[in-house]
Amino acid sequence: MSRVAVFGASGFIGTASATALRQAGHEVLARRARRLWVDAETLTGSAWSAGRVHRASLAAELDGVDAVVNAAGVATSGAALTPALVGGNAAWPRLLAEACELAGVARLVHLSTAAVQGRAHLLDETLHYAPVTPYGRSKTLGEQLLRDAAEGGQLDITIYRPPSVHGPGRHMTAAFAAFCRRFPLVTCGDGNQPVPVALVGNIGAAVAAILRAEHAPFVVAHPHEGHTVRTLYETFAPGRPLCVLPTALVRSLLGMAEPTGQWLAPLGAVCRRAELLLFGQAQQSGWLGTRGFAPPLGRAAWDQLAAEARGAADEAADRAHASGPTGAGAPA
Ligand SMILES: NC(=O)c1ccc[n+]([C@@H]2O[C@H](COP(=O)([O-])OP(=O)(O)OC[C@H]3O[C@@H](n4cnc5c(N)ncnc54)[C@H](OP(=O)(O)O)[C@@H]3O)[C@@H](O)[C@H]2O)c1
């Protein structure tokens with residue numbers, strides 16, 4: 001057993017990570033992240049001194065801690081590149097690594113994202129970056145700052161990249177279920193393209209697996225959970241047909257939206273999400289696979305999550321219908 005401090009333990013992934021770490025026998029200390037505001041130029045230049053203000057007090061919180069998991073950050077895929085985004089996703093992990101180094105913490109596992117590789121044909125465990133959204137850029141900067149910290153210090157850093165994560169109560173899961181209920185299920189090709197999605201319980205298990213190993217590589221990617229565009233739609237909208245769109249037309253429409261998506265971050269994020277469903281994206285089998293790690297939650301857990309999300313989407317639609325202009329459903 002070791003003492004593991006989890007930052008962002010109040011969040012979606014932090015909660016799952018803390019649970020899995022406790023189940024693995026670790027003592028888990030929930031810690032709150034500092035809120036930092038800084039622009040990318042200041043952060044990468046020599047002038048950024050704000051971190052020093054927090055470093056010593058943060059290091060004091062890590063006294064006697066063996067490992068740190070950073071599940072804190074700004075997980076908003078449609079966010080603009082603001083000082084809050086850079087502060088949460090790049091300055092904060094840098095500060096945390098510095099504090100870990102100061103406190104003599106042996107290991108840091110940082111939650112990054114597959115979005116740092118953008119549209120790469122194959123998601124892998126390399127440092128080839130191609131982010132397409134401001135969110136992806138801020139997470140890329142966080143990884144690069146941690147790479148510098150790993151090269152210059154004693155701290156053993158692992159960057160873990162989950163893809164889109166689904167789970168109970170998650171807005172993205174509810175929104176996907178509502179989308180599947182309301183709109184045609186569109187894709188390009190035969191629908192058998194792999195889709196990089198994960199269940200939050202499997203993310204927690206992967207974090208625990210990383211810490212179970214004496215040492216992990218600098219980058220660890222989440223393994224493919226077996227979904228294709230077709231199986232994901234079938235899970236969330238059983239029985240509904242798949243509509244195949246012409247690839248060339250879709251690519252040209254997305255291409256037309258791209259320049260606007262570059263400055264209108266929410267549009268860029270929506271287009272990127274649509275691309276994933278239309279074209280899919282492959283994941284290389286990485287280090288977790290070589291360690292014999294298999295996501296513990298399989299198809300049955302996906303089915304259960306989708307059934308709950310569908311139920312909630314149906315209820316929301318019924319409520320909207322009942323409070324509609326006809327007044328149907330109002331008390332007599
Ligand atoms: N959800 C996904 O689909 C997904 C996919 C890939 C990667 N990730 C990454 O995983 C990490 C956790 O995501 P999540 O979905 O669990 O997010 P979340 O539910 O929003 O939780 C993030 C936690 O970070 C802390 N936090 C909030 N604002 C912050 C700020 N401005 N600066 C620093 N910390 C802040 C909060 O914890 P405290 O109040 O306890 O500090 C919050 O509970 C993020 O770094 C995200 O980029 C998420």
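Are α8 and α12 parallel, perpendicular or oblique to each other? The axes of helix α8 (residues 229-236) and helix α12 (residues 299-322) come within 8 Å and cross at roughly 50°; α8 and α12 are therefore oblique to each other. Angles under 35 degrees count as roughly parallel, over 145 as roughly antiparallel, 65 to 115 as roughly perpendicular, and the rest as oblique. Axes are lines fitted to C-alpha atoms, for helices over the stretch in contact, with angles from 0 to 180 degrees between N-to-C directions. Helices (H or I, at least four residues) are DSSP runs numbered from the N terminus.

The model is predicted: local features need pLDDT of at least 70, side-chain atom pairs count only at pLDDT 80 or more, and totals for chains, interfaces and linings use all residues. Residues are numbered from 1 along each chain as its sequence is written, and side-chain values use heavy atoms, with hydrogens and water left out.

From α8, residues T231, L232, T235 and F236 meet R299, W302, D303, A306, A309 and R310 of α12, contact meaning heavy atoms within 4.5 Å. These residues comprise five nonpolar, two polar and three charged; Ala, Val, Leu, Ile, Met, Phe, Trp, Tyr, Cys and Pro count as nonpolar, Asp, Glu, Lys and Arg as charged, and the others, Gly among them, as polar.

Helix α8 also packs against helix α6 (residues 171-182), their axes coming within 9 Å and crossing at roughly 85°. The two are therefore roughly perpendicular to each other. T173, F176, A177, F179 and C180 of α6 make this contact with L232, Y233 and F236 of α8, a set of seven nonpolar residues, one polar and no charged.

A further pair is helix α4 (residues 83-103) and helix α5 (residues 134-152), whose axes come within 8 Å and cross at roughly 15°. That angle makes α4 roughly parallel to α5. Among the residues in contact are L85, V86 and N89 of α4 and Y135, S138 and K139 of α5. The contact of α4 with α5 divides into 11 nonpolar, three polar and two charged residues.

Turning to the ligand, S10, I13, Y135, K139 and R170 come nearest of the 24 residues around it, a residue being near if one of its heavy atoms lies within 4 Å. A polar side-chain atom of S10 lies 2.8 Å from an oxygen atom of the ligand. For the side chain of R35, an N or O atom is 2.9 Å from a ligand oxygen atom.

How values were computed:
A polar contact is a pair of N or O atoms within 3.5 Å; within protein, one must be able to donate a hydrogen and the other to accept it, and residues adjacent in sequence count only if both atoms are side-chain atoms.
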